[in-house]
Structure formats: C-alpha cells, structure tokens
Amino acid sequence: MSLTDPIADYLTRIRNACMAKHSKVDVPASRLLKQVTQILMEEGYIRNFTMVDDSRQGIIRIYLKYDPDKKPVIEGLERVSRPGFRRYAGVKDIPRVLNGFGIAILSTPQGLMTDKKARKASVGGEVLCHVW
C-alpha cells in the first residue's frame, strides 16, 4: 500500500499513540522520517527510537516520552505543507511556534532542521510540520 503523504501518516500515528498513552509506536521507515525522528529526539519530544529490520523497507520504533503526571510531552503535531498545497518560508518568514515554545521542522537545501537552526544558518525552505 502506498501513502500519498507519509509525513501526515507519521504525525497521526504519533498523535494517536500519545492519546492512547502507548509507550511506543511503529512507523514505516524512510530517510526523511528517520531525520524527523532524530530531530524530535534531539529536541526532547521523544525518549528514543530504534530501526527494526522487517525485510522490506524497515520500521522506526519510537519510544514516547511522558511527564511524571503521565501527560505526553508532545501536546500537538500539525502538518503544515501538504502534497496539494506546499508552504515555503524565506529566512525572514520562518514561523515561530507558540512564541518559541514549540518547533517548526523545515526541509532546507542544507537538510532537515528546526526553525531556530534555520534562522541561525540564514536559510529558508519548506515548512513540514509544527510540534509543541
């Protein structure tokens, strides 16, 4: 089965697993999704992730993070740029998510990065999603 928007599927799987209070969630692997997962781990939104070989494309197993009150660290995930409506931002137009409390993940010519790193590198790109 092919997906028309694997990033939206990825975000929905994480959102649903957080609402159901699962400790982990499996998503189909790709280089792009692995990079997004790496950014989420670096920013402290997930505990860890591992790559599982299933003799096809592979699986990314994401271990979700919760606070001591059992509330998920990820409060919201929002897909910004979609296949039918791409959203690009120049350096001066990179969005701030919740006045800096969240992150925007951008696909830039220098690779995937957060909004803060993109501003520092002075590069714009496609705004993939917002996480808070």
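This is a predicted model: local features need pLDDT of at least 70, side-chain atom pairs count only at pLDDT 80 or more; totals for chains, interfaces and linings use all residues.
I'll begin with the charged pairs. Side chains of opposite charge can pair when their charged atoms come close. In this model the count is 7 salt bridges, and I'll go through some of them.

Take Arg79 and Asp5. Their side chains form a salt bridge, with 3.0 Å from N to O. Arg79 sits in strand β4, residues 77-79, and Asp5 in the segment before α1, so this pair ties together parts that lie 74 residues apart in sequence. Are these two residues buried or exposed? Arg79 has a relative accessibility of 16% and counts as buried. Asp5 is buried as well, at 15%. The cut-off here is under 20% relative accessible area.

Next, Asp26 and Arg61. The N to O distance in this salt bridge is 2.8 Å. Asp26 belongs to strand β1, residues 24-28, and Arg61 to strand β3, residues 59-64; the pair links distant parts of the chain, 35 residues apart. On accessibility, Asp26 is partly exposed, with a relative accessible area of 29%. Arg61 is partly exposed too, at 22%.

The next pair joins two helices. Glu42 forms a salt bridge with Lys117, and their closest N and O atoms are 3.6 Å apart. Glu42 lies in helix α2, residues 31-42, while Lys117 lies in helix α3, residues 115-121, so the bridge ties together parts 75 residues apart in sequence. Glu42 is partly exposed at 48% relative accessibility, and Lys117 is partly exposed at 44%.

Now to α1 itself, residues 6-19. This helix has 14 residues. From first C-alpha to last, α1 reaches 20 Å, close to the 20 Å expected at 1.5 Å a residue.

Which residues of α1 are buried? They are Ile7, Tyr10, Leu11, Ile14, Ala17 and Cys18. These residues cover an arc of only 130° around the axis, which puts them on the same side of α1.

One backbone detail to finish. After α1 comes Lys21, whose phi is positive, near 60°.

To recap the pairs: Arg79 with Asp5, Asp26 with Arg61, and Glu42 with Lys117.

Note on methods:
Residues are numbered from 1 along each chain as its sequence is written. Side-chain values use heavy atoms; hydrogens and water are left out. A salt bridge is a side-chain nitrogen of Lys or Arg within 4 Å of a carboxyl oxygen of Asp or Glu. Helices (H or I, at least four residues) and strands (E, at least two) are DSSP runs, numbered from the N terminus. Buried means under 20% relative accessible area, exposed over 50%, partly exposed in between (1.4 Å probe, protein chains only). The expected span of a helix is 1.5 Å times one less than its number of residues. The arc is that of the directions from the helix axis to the C-beta atoms.
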